[in-house]
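Here is a short briefing for a first look at a protein model. Please keep the sequence and the structure in view while reading.

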Amino acid sequence: MSVVYKNTIKAIGKCVPDKFQPFWNHPAGPQTIFFWAPAVKWGLVIAGLGDLQRPADKISIGQSASLALTGAIWTRYSLAIIPKNWSLFSVNLFVACTALYQITRAVKYQREKETLANQSSKSS
């Protein structure tokens, strides 16, 4: 670790109240990448929630499937590592769930579109 980082963490650690010291010193706490990577990854969840307003015909099933798969893999991984990283678990669970919901919307839209096309061709 860099000297600047170590000194910064040490200075901040002195300001952390006693009741938050266990969190501060946790192996997956704010002094580690195990805290900050999941914290930043919540941006994907926020983007996924924002995409719930996107028209179903604009949803990429491939992209959503990739997000769902990686979310599921990392959800499992977060429980297999020591220490268990509940922050990583929760963010990846939400990534997977929002992606699966988007896939459901896209597939439903495509089926409805096919049904309408079949009805139009039968009535012609």
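Threonine 98 is buried, with a relative accessible area of 12%. Here buried means under 20% relative accessible area, exposed means over 50%, and partly exposed lies in between (1.4 Å probe, protein chains only). The model is predicted: local features need pLDDT of at least 70, side-chain atom pairs count only at pLDDT 80 or more, and totals for chains, interfaces and linings use all residues. Residues are numbered from 1 along each chain as its sequence is written, and side-chain values use heavy atoms, with hydrogens and water left out.

- Threonine 98 sits in helix 5, which covers residues 86–123. Helices (H or I, at least four residues) and strands (E, at least two) are DSSP runs, numbered from the N terminus.
- A polar atom of the threonine 98 side chain lies 3.1 Å from the backbone oxygen of valine 95. A polar contact is a pair of N or O atoms within 3.5 Å; within protein, one must be able to donate a hydrogen and the other to accept it, and residues adjacent in sequence count only if both atoms are side-chain atoms.
- Asparagine 85 belongs to the loop between helix 4 and helix 5. Its relative accessible area is 4%, so asparagine 85 is buried.
- The side chain of asparagine 85 has a polar atom 3.1 Å from the backbone nitrogen of leucine 88.

**Salt bridge and cysteines**

- There is one salt bridge in the structure. The term means a side-chain nitrogen of Lys or Arg within 4 Å of a carboxyl oxygen of Asp or Glu.
- The partners are aspartate 51 and arginine 54, whose side chains meet at 3.3 Å, N to O.
- Aspartate 51 is partly exposed, at 28% relative accessible area. Arginine 54 is also partly exposed, at 36%.
- The structure holds zero disulfides; a disulfide is a pair of cysteine sulfur atoms within 2.5 Å.
- Cysteine 15 is exposed, at 64% relative accessibility. Cysteine 97 is partly exposed, at 43%.

**Largest pocket**

- Rolling a probe the size of a water molecule over the atoms shows where empty space is left.
- The largest pocket has a volume of about 260 Å³. Of its 14 lining residues, Gly48, Asp51, Gln63, Ser64 and Leu67 are the closest to the centre.
- On a 1 Å grid over the protein atoms alone, a pocket is an open set of points where a 1.4 Å probe fits, with protein on both sides within 12 Å along at least five of seven lines; a cavity is a set where the probe fits but cannot get out, and lining residues have an atom within 4 Å of a point.
- Grid points are joined across faces, edges and corners, and a volume is the space filled by probe spheres set on the points.
- Helix 3 (33–50), helix 4 (61–80) and helix 5 each supply at least two residues of this lining. Helix 5 has the largest share, with four residues.
- The lining of the largest pocket divides into six nonpolar, six polar and two charged residues. Ala, Val, Leu, Ile, Met, Phe, Trp, Tyr, Cys and Pro count as nonpolar, Asp, Glu, Lys and Arg as charged, and the others, Gly among them, as polar.

**Second largest pocket**

- The second largest pocket has a volume of about 160 Å³.
- Its lining includes Ile33, Phe34, Trp74, Tyr77, Ile81, Asn85 and Asn92.
- Helix 3, helix 4 and helix 5 each give at least two residues to this lining. Helix 3 gives the most, with five.
- The lining of the second largest pocket divides into eight nonpolar, two polar and one charged.

**Distances, C-alpha to C-alpha**

- Tyrosine 77 lies in helix 4 and is partly exposed, at 40% relative accessibility. Tyrosine 77 and glutamate 112 are 35 residues apart in sequence and 37 Å apart in space.
- Isoleucine 81 is in the loop between helix 4 and helix 5 and is buried, at 15% relative accessibility. Isoleucine 81 and serine 120 are 39 residues apart in sequence and 54 Å apart in space.
- Serine 123 is in helix 5 and is exposed, at 64% relative accessibility. Serine 123 and asparagine 92 are 31 residues apart in sequence and 47 Å apart in space.
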